[in-house]
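Let's walk through this one with the viewer open.

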Amino acid sequence: MSQQSEPLNAEALREDFPILEREFNGSQLVYLDNAATTQTPEQVVEAIVDYYREYNANVHRGIHQLSQEASIAYEEAHDRVAEFIGADGREEIVFTKNTTEAANLVAYAWGLNELGPGDEVVLTEMEHHSTLVTWQQIAKRTGAECKYIPITDDEHRLDMAAARELITDDTAMVAAVHVSNALGTINPVAELADIAHDHGAYVFVDAAQSVPNRPVDVREIDADFLAFSGHKMCGPTGIGVLYGKRRILEEMEPHHYGGEMILKVTFEDSKWNELPWKYEAGTPLICQGIALATACDYLDSIGMDAIERHEADLAAYAYDRLTEQNDVDVYGPPGDDRGGLVGFNVDGVHAHDLSSILNDHAVAIRAGDHCTQPLHDVLGVSASARASFYLYNTRDEIDRLVEAVDDARQLFS
Ligand code: C6P
């Protein structure tokens, strides 16, 4: 049995994030927009500075010392990320710009070649646009059809009975978000993978809101593909990851062509490089990839299970504090069974107005459709407010959120 990490000490960890000391309008920043982008600890900032000061060079090209150092660090960053999510090795880890680019890579490299009329792609109603729009458009180009697993009316969970009916032998791909960025719903992706595999379909897991927040093991889920972004897990922007099972990545054709992804080129033809470089055409995201590996070190030094428990506590507390007010609608499952975020609306106050008033209190949340417009159509609202938590947030900050919501309510009454 794996040992549980000690509970984390958010107050102590905040020292790694000097940005959290900033003040606006006379109040200290309360940063509750972590599902959009998390803050970057000093350790990761130092890794970036160290790279540019000490060994900035292109990789896999020069035999000079700097290029060798950069190449080794870049390759080892793939190993580190593989270890972080339980992958078999660097061959299964492709660095991309973000989750969106990883989704597009699979859709173009696999979907465009493999899908055709009669094939179905099964998604969920709570997909982020990065998955939904991508498969929708690839389906249009190939003649395949997209189907959507509905959410339940009461707790906004995936309707698994409907999932079992929708996933059939016609299904070629099931693409599902692990934790919804708008609802906080945690989806049973391993169960979805089981059902999909029983019908010979592949599974793409959008793990943008799970890999940063909880232990994720790709082999336990049995995902064929899984994607996430570095900037939501203490890493820099400009780096994301596509995990793919080695066999599938070996069989698939690359989507981008150019340098770095080839082994041998003649005027007539080209042979592809070994994994994962076959999918990383051109000069890759060297510094960003190395800094992402440092972010993995940082998160593991705290313990992903400790981060998960801390976020669960904050989400439950925020859920209780918000639902105790009669005029607040909170979306998604109950407080004790959700990811570390709370999406809500306050009667009579538009989410954008709320966010703007909260900003006056130095409380940063997100308002809008959270790149889930079809989901908001299902919910029957055009926008929602969302507070999302990370390892450095505290219950006191949630109290500041609730006070600011009170102020907004008074202004609009
Ligand atoms: N969500 C938010 O909710 P990128 O932008 O490619 O790094 O991540 C896209 C993405 C994919 N899936 C899920 C579940 C996500 O939450 C996101 C990013 C952000 O605020 C921006 S819309």
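A quick word on labels: helices (H or I, at least four residues) and strands (E, at least two) are DSSP runs, numbered from the N terminus. Keep in mind that this is a predicted model.

With that in hand, find Asn25 in the loop between strand E1 (23–24) and strand E2 (27–28). Its phi is near 50°, a positive value in a residue other than glycine. The other spot is the peptide bond between Leu275 and Pro276, which is cis, with omega at about -5°. Pro276 sits in the loop between strand E12 (270–272) and helix H10 (286–302). Both spots are worth a look because most residues other than glycine have a negative phi, and most peptide bonds are trans.

Next, pick out strand E5 (residues 120–124) and strand E6 (residues 145–149): they run parallel and are joined by 5 bridges. In this pairing, Glu120 of E5 stands opposite Glu145 in E6.

## Around the ligand

Now for the ligand, which has 18 residues around it; Thr100, Asp206, Gln209, Ser229 and Arg366 are the closest. Sorted by class, that shell holds 5 nonpolar, 9 polar and 4 charged residues. Which domains supply it? Domain 1 (10–37 + 303–412) and domain 2 (45–301) each give at least three residues to the shell.

Asp206 puts a polar side-chain atom 2.6 Å from a nitrogen atom of the ligand. Gln209 has a polar side-chain atom 2.7 Å from a ligand oxygen atom, and an N or O atom in the side chain of Arg386 is 2.7 Å from an oxygen atom of the ligand. As for cover, the ligand taken alone exposes 510 Å², and the protein buries 90% of that.

How values were computed
Residues numbered from 1 in each chain as written. Predicted model: local features only at pLDDT ≥ 70, side-chain atom pairs only at ≥ 80, totals over all residues. Heavy atoms only, no water. Pairing = 2+ DSSP bridges. Near = heavy atom within 4 Å. Polar contact = N/O pair within 3.5 Å; in protein donor to acceptor, adjacent residues only side chain to side chain. Areas by Shrake-Rupley, 256 points an atom, 1.4 Å probe, with all protein chains shown as cover. Nonpolar A, V, L, I, M, F, W, Y, C, P; charged D, E, K, R; others polar. Domains from an automatic or database assignment.
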